[in-house]
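Visitor: I am new to this structure and would like to learn how to read it. Could you walk me through a few features?

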Amino acid sequence: MLTPTSLNSGFGHDSTTSDVLEGIELSRRFAIVTGGYSGLGLAMTHALTDAGADVLVPARRPDVARSALRDIPRASTAQLDLADQASIRTFARDVLATGRPIDILINAAGIMHGPRTLVGPGWEAHFAVNHLGHFTLTTMLLPALATGARVVGLSSAGHFLSDIRWHDPHFSRAGEYDQRTAYGQSKTAVALFALHLDTLLTPRGAHAFAVHPGSILTPLQREVPLQTQRELGWIAGESDKPAPGFKTAEQGAATAIWAATSPLLEHHGGAYCQDCDIAEPATSDDMLVGGVKPWILDHNAAARLWRMSADLTGTDVDRHHRGTGG
């Protein structure tokens, strides 16, 4: 296991999407951004289209997405529910049928700190939406990824909260469910997925990355009560404004956009990125400081999670693996 090292990218905590895209031309490029009509995802859609890309935004609520995207040239939407495997397969088949190569896939949609909810065949919702939904989507779209494509998954410092609960990822045992642990496990899964996915993409010059966007208040936190947000240090003061060190949406989206476009990362596939650079090992458990914990750098765990995810979703991994070599 290699120790991750900063690339001294020249960017940092306060860098914005405009900063990291300066001098980068994305005309005639095609991107898909899940969750690209709200919060960080919307900032990513703005950034990519401003740089010339065409962006397809899958949405559980297409009408809401169309309203949010109505003033963004080159942005379109289509139906997709990441909690519904049939919906994912329909969306992916429709994309594949167009024959258009995908240059950038950003898996930005997600849920956070919700009550215990089961979806599909009894999957815990955080794990199902944040990881398994994107696993199925990405593996189905592998044949369409262009040479040199980038796949970026939104992990977070939430991975500090839990490794994969191999014995019980869906919290089936009574009394064991904890929403922060469930969220943390899903973000660990996002990072491990990127780590193994990159081994499949590298032969064609494509790469996968996981990113920690930083601390940002977006609609993602809608399930977290204000009092809990105060206790966690997310908001402060009489007006409940974001605490010092929290980012704007444009700053929070910057690391994913950097990972999706930066030539500096060409030989660093599978990396976990933070503040528009490769994250270095965490030196504490302070999630506001961040860094990377060792369990998301474990290639054996990443391969194990891939097999588990393929078994759960019924994805034909070998077929899609062959597709990446075409």
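Guide: Gladly! Buried means under 20% relative accessible area, exposed over 50%, and partly exposed in between, using a 1.4 Å probe and protein chains only. Please keep in mind that this is a predicted model, where local features need pLDDT of at least 70 and side-chain atom pairs count only at pLDDT 80 or more, while totals for chains, interfaces and linings use all residues. Residues are numbered from 1 along each chain as its sequence is written, and side-chain values use heavy atoms, with hydrogens and water left out.

Visitor: Where is Ala-256 placed, and with which residues is Ala-256 in contact, leaving aside its neighbours within four places in sequence?

Guide: Ala-256 lies in helix 8; helices (H or I, at least four residues) and strands (E, at least two) are DSSP runs, numbered from the N terminus. Contact means heavy atoms within 4.5 Å. Leaving aside neighbours within four places in sequence, Ala-256 is in contact with Met-44, Ile-106, Val-152, Leu-154 and Val-211.

Visitor: How do I read two packed helices?

Guide: Two packed helices are described by the angle between their axes and the distance between the axes. Axes are lines fitted to C-alpha atoms, for helices over the stretch in contact, and angles run from 0 to 180 degrees between N-to-C directions. Here, helix 2 (residues 39-50) and helix 8 (residues 249-261) have axes that come within 8 Å and cross at roughly 65°. That makes helix 2 roughly perpendicular to helix 8, a term for angles of 65 to 115 degrees.

Visitor: Which residues in helix 2 meet helix 8?

Guide: Leu-40, Ala-43, Met-44, Ala-47 and Leu-48 do, and their partners in helix 8 include Ala-253, Ala-256 and Ile-257. The residues of this contact of helix 2 with helix 8 divide into nine nonpolar, one polar and one charged. Ala, Val, Leu, Ile, Met, Phe, Trp, Tyr, Cys and Pro count as nonpolar, Asp, Glu, Lys and Arg as charged, and the others, Gly among them, as polar.

Visitor: At what angle do helix 5 and helix 9 cross?

Guide: The axes of helix 5 (residues 125-141) and helix 9 (residues 299-313) cross at roughly 85° and come within 10 Å. The contact of helix 5 with helix 9 has eight nonpolar, five polar and no charged residues.

Visitor: How many helices and strands does the protein have?

Guide: The protein has ten helices and twelve strands, and buried residues make up 56% of its 326 residues.

Methods. Angles under 35 degrees count as roughly parallel, over 145 as roughly antiparallel, 65 to 115 as roughly perpendicular and the rest as oblique.
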